[in-house]
Amino acid sequence: MVLQNTTFVIDEKIEKEFLHWIKTELAPAARGSEVYGGEPRFHLILANAEPGTKNFAFQLSSDNLDKAQEWLCEGEGSRLLAEFMRRFEGRAAHFSTFMAEIAIE
């Protein structure tokens, strides 16, 4: 299982518009893809890097790293994140990380 985490750092002033974008654009696109299983997870990160900003984590699970990377880097995810950057230029940033779970027992 692969976890894709995309962290968003946004200006507090665009929070309402950003949350609407997550709910109406990014989450439905991830749900509609054949790459990810289960519901996306979305979290407010409680530590802020800069005053006046909020940080969020958007997480998706996949059984296939190659397909997940393709969706994010070349496919629908790439298109949506490019749209995000145009729409919120200068008021937001993001970065994505892929992680694999490791048993600790």
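Contact here means heavy atoms within 4.5 Å, and helices (H or I, at least four residues) and strands (E, at least two) are DSSP runs numbered from the N terminus. The model is a predicted one, in which local features need pLDDT of at least 70 and side-chain atom pairs count only at pLDDT 80 or more, while totals for chains, interfaces and linings use all residues. Residues are numbered from 1 along each chain as its sequence is written, and side-chain values use heavy atoms, with hydrogens and water left out.

View 1. Leaving aside neighbours within four places in sequence, Ser-61 is in contact with Met-1, Val-2, Leu-3, Val-35, Tyr-36, Gly-37 and Arg-41. The side chains of Ser-61 and Arg-41 are joined by a polar contact of 3.3 Å (a pair of N or O atoms within 3.5 Å; within protein, one must be able to donate a hydrogen and the other to accept it, and residues adjacent in sequence count only if both atoms are side-chain atoms). Ser-61 is buried, its relative accessible area being 14%, where buried means under 20%, exposed over 50% and partly exposed in between, with a 1.4 Å probe and protein chains only.

**View 2. Ser-33 in the loop between α1 (15-32) and β2 (36-45).** The side chain of Ser-33 reaches the backbone oxygen of Ala-30 at 2.9 Å. With a relative accessible area of 14%, Ser-33 is buried.

**View 3. The largest nonpolar core, with 23 residues.** A nonpolar core is a set of buried Ala, Val, Leu, Ile, Met, Phe, Trp, Tyr and Cys residues joined through side-chain atoms within 4.5 Å. Those with the most contacts inside this core are Phe-8, Phe-18, Trp-21, Leu-26 and Trp-71. At least two of its residues come from each of β1 (2-11), α1, β3 (53-62), α2 (65-73) and α3 (76-87), and α1 gives the most, with seven residues. Not counting residues up to four places away in sequence, Leu-26 touches Phe-8, Trp-21, Phe-58, Trp-71 and Leu-80.

**View 4. The packing of α1 and α3.** The two helices pack at an angle of about 165°, with their axes 10 Å apart; axes are lines fitted to C-alpha atoms, for helices over the stretch in contact, and angles run from 0 to 180 degrees between N-to-C directions. The angle therefore makes α1 roughly antiparallel to α3, since angles over 145 degrees count as roughly antiparallel, under 35 as roughly parallel, 65 to 115 as roughly perpendicular and the rest as oblique. Among the residues that meet here are Phe-18 and Trp-21 in α1 and Leu-80 and Phe-84 in α3.
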